[in-house]
Amino acid sequence: MAGLFYWNGEIVFHPSPSTVRHFFDLVFVGVGYNGRDQSFTYSKLKYRNHASLPPKRVIRSMKLSRTVVALFLLQVLLLPMVAVAQTADINAQIRKEGMENSKIMHTLHVFTDLYGPRLTGSPNHVNAAKWGTEEMKRWGFDHVALEPWEFNHPGWVNDRNTGLMISPVADTLTFEVLAWTPSTKGVVTADAVHIVIPTTLSSTTPPVQQQPTQEELTAYLNSVKSQVQGKIVLVGKPSSIDQSREPSPKRIPDEDNAKRYDPDPAKRTAGGPGRPNQTPPTPRPNALTGAQVGEQVDKFLLDSGALVRINESQLDRGAVRAFNNRTFDITKVIPTVVMRNEDFGRISRLLADGTPVRLEFDLRSHLVPEGTTSYNMIGEIWGSDKKDEVVMLGGHLDSWHSATGATDNAIGCATMMEAARILKAIGVKPRRTIRVACWSGEEQGLLGSQAYVAQHFGTFESPKPEWAKFNGYFNIDSGTGRARGMNVFGPPEAATVLRDAVQPFSDLGIAGAINSSGRGLGGTDSTSFNAAGLPGIGVSQDPIEYFNVTWHTNLDTYERIIEGDVKASAVSIAAALYQLVMRDEMLPRFKTEDMPKPPPTPTPTPTPAASPRP
Ligand SMILES: [Zn+2]
């Protein structure tokens, strides 16, 4: 219900019809007022037409009416106080449970330290999901499950790696293996060579690298073919990272955040914790795409008998970000690593001097055939009178393989499990069913959540029965920063419900909620719901060091989680969840005539290498 909130000494009064009606159900039961059918049934009040009554009865009736009116007014005046007390009490309980008895860091610890990394299709991911269901069972959830969907690629597990510089000096190299690439054939030792695919700088500001034409690429590869056989091949220029650049702010100032979530769209500023700003390059006439170049270079190295391919990380301070071989087929590529900027730069400078560099690699990985089927992890707390209506919340449990995937996104799953656990622990009996969902396949293109939405809900254009009963899906997937606001796919009234729900938690940093209407698939799983015309609710967060440090890198570990922030997020989300599962009306959704159109062409699902997702 939209609420009456008492916080920091201020009473904010937002009565809703449902609140009022519920209260009357409660207080008028003694005199026979039936709030549900809006009729008085008390026998003394059955004469409504005073003209038909004898004078004494009219007077008595009028006295009675005055009594009822007085009682009515008294209740209306008492109502805010009772509702304030109830809402404030629930909110206080949510806050206390979330801050004092939190399980969030323990859940995070198990997902990361025991089961990380959790690449889609890997046994680690399945084991983490199994543990998550068992944990929710221990918390008293009514139903847990691993729901399968077809990934259609075998799982891939990296077992161990070594990489050394043998000469001109001995050193250990820092790198990560690209996922779904093969092992070396035992220990391989060979000279390094460096190739740089020709690119052209655009005339735009800022200039961007543009891909070669087919003729340029073929000519270049022919010119280096004899050099790469039996060699370890560095591919691409080392990046130069400007150390004088200002680091991006870790927290959004309160006043900026308030503007982003201003209830008045005219006063709202765009923005939000930004994703990396990538200007799409203007293609040259006849230029190949990056994916086409990549595919041809992979085939060239395989056909030419190169031993190992080395890419550069494009990050500073030893960070490495490694995705996957875009084909998911280990027979299409040679063993491939992503090396830290500093080692790659050193080797390329030595080679440019004319100094031979000898390297040694031992890369070991294996495929997991049963990984072709992956699983979404589900946990439910069943509702009561509206059990068939569902409110969902979740994040993705799968991670990339270079670290234990703490900020992306074990903490998202831990936060949503915690928000549901908080309501269970304080004894809430939800009217609607609460369903936690931790997806897999997010990093490969929102695959798990899309499969789930298709299977359970269908779309606005082709709905399944559950589509109409859906009451929102909260998603969190931007690292460790505390929740700062919510964005719901739906009409402005949907944002109002959420704004009112989180308003008492503004001291924890959450500013409110706004609505949106885009149905394109985006950077995270809430957009799988939006695409189907369902109310996905994206939770925005303080950026901290997500995009510039931990996002998909070898630095994404338990240590990067800020406990106070993630507890605050769980509390804010639990409060919003409580309102959605308890209110009389469903979360407002687009009416049939207002439903935005899906994007004109089906949104392609880019390969992760082309368009990485958070
Ligand atoms: Zn993510």
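## Burial and overall make-up

A residue counts as buried when its relative accessible area is under 20% and as exposed when that value is over 50%, with partly exposed in between. F328, at 11% relative accessibility, is therefore buried. The structure described here is a predicted model.

The protein chain has 614 residues, of which 51% count as buried. Its secondary structure comes to 14 helices and 22 strands. Among contacts between residues at least 6 apart in sequence, 83% join residues at least 24 apart.

## Backbone exceptions

Most residues other than glycine have a negative phi, and most peptide bonds are trans. Two residues with positive phi can be set side by side. F328 has a phi of about 60° although it is not a glycine, and its place is in the loop between β13 and β14. N152, also not a glycine, has a positive phi near 70°. N152 is found in the loop between β5 (143–150) and β6. F328 is buried, whereas N152 counts as exposed, at 59% relative accessibility.

Cis peptide bonds also occur. One joins S167 and P168, with omega about 10°; P168 is found in the loop between β6 (155–167) and β7 (171–172). Another cis peptide bond joins D408 and N409, with omega about 0°. N409 lies in helix α9.

## Surroundings of C413

Helix α9 also holds C413. With a relative accessible area of 0%, C413 is buried. Leaving aside neighbours within four places in sequence, C413 is in contact with F111, G395, H396, L397 and C438. The C-alpha atoms of C413 and T107 are separated by 8.7 Å, although these two residues are 306 residues apart along the chain.

## Packing of α5 and α7

Two packed helices are described by the angle between their axes and the distance between the axes. For helix α5 (residues 214–228) and helix α7 (residues 290–304), the axes come within 11 Å and cross at roughly 25°. This crossing angle makes α5 roughly parallel to α7, since angles under 35 degrees count as roughly parallel. The crossing of α5 past α7 is right-handed.

On the α5 side, the contact is formed by Q214, L217, L221, V224, K225 and V228. These residues meet V293, Q296, F300 and S304 in α7. By class, the residues of the contact divide into six nonpolar, three polar and one charged.

## Salt bridges

Side chains of opposite charge can pair when their charged atoms come close. A search of the whole structure finds 30 salt bridges. In one of them, R245 pairs with D316, and the closest N and O atoms are 3.5 Å apart. This pair links distant parts of the chain: R245 is in the loop between β12 (232–235) and α6 (254–260), D316 is in the loop between β13 (308–312) and β14 (336–339), and the two residues are 71 residues apart. R245 is partly exposed, with a relative accessible area of 43%, whereas D316 is buried at 14%.

D385 forms a salt bridge with R431, where the closest N and O atoms are 2.6 Å apart. D385 lies in the loop between β16 (373–381) and β17 (386–396), and R431 lies in the loop between α9 (406–425) and β18 (432–439), so the pair ties together parts that are 46 residues apart in sequence. R431 is buried, with a relative accessible area of 11%.

## A salt-bridge network

D542 and R482 form a salt bridge with their closest N and O atoms 3.0 Å apart. The pair joins distant parts of the chain, 60 residues apart: D542 is in the loop between β22 (536–541) and α13 (546–550), and R482 is in the loop between β19 (470–475) and β20 (483–489). D542 counts as buried at 0% relative accessibility. R482 is buried as well, with a relative accessible area of 17%.

Both D542 and R482 belong to a network of salt bridges. R251, D254, R484 and D565 are also linked in this network.

Conventions
Residues numbered from 1 in each chain as written. Predicted model: local features only at pLDDT ≥ 70, side-chain atom pairs only at ≥ 80, totals over all residues. Heavy atoms only, no water. Axes fitted to C-alpha atoms, helices over the stretch in contact; angles between N-to-C directions. Helix = DSSP H or I, 4+ residues; strand = E, 2+ residues; numbered from the N terminus. Parallel < 35°, antiparallel > 145°, perpendicular 65-115°, else oblique. Left-handed = near helix turned anticlockwise from the far one by under 90°. Contact = heavy atoms within 4.5 Å. Nonpolar A, V, L, I, M, F, W, Y, C, P; charged D, E, K, R; others polar. Salt bridge = Lys/Arg side-chain N within 4 Å of Asp/Glu carboxyl O. Buried < 20%, exposed > 50% of the residue type's maximum accessible area, 1.4 Å probe, protein only.
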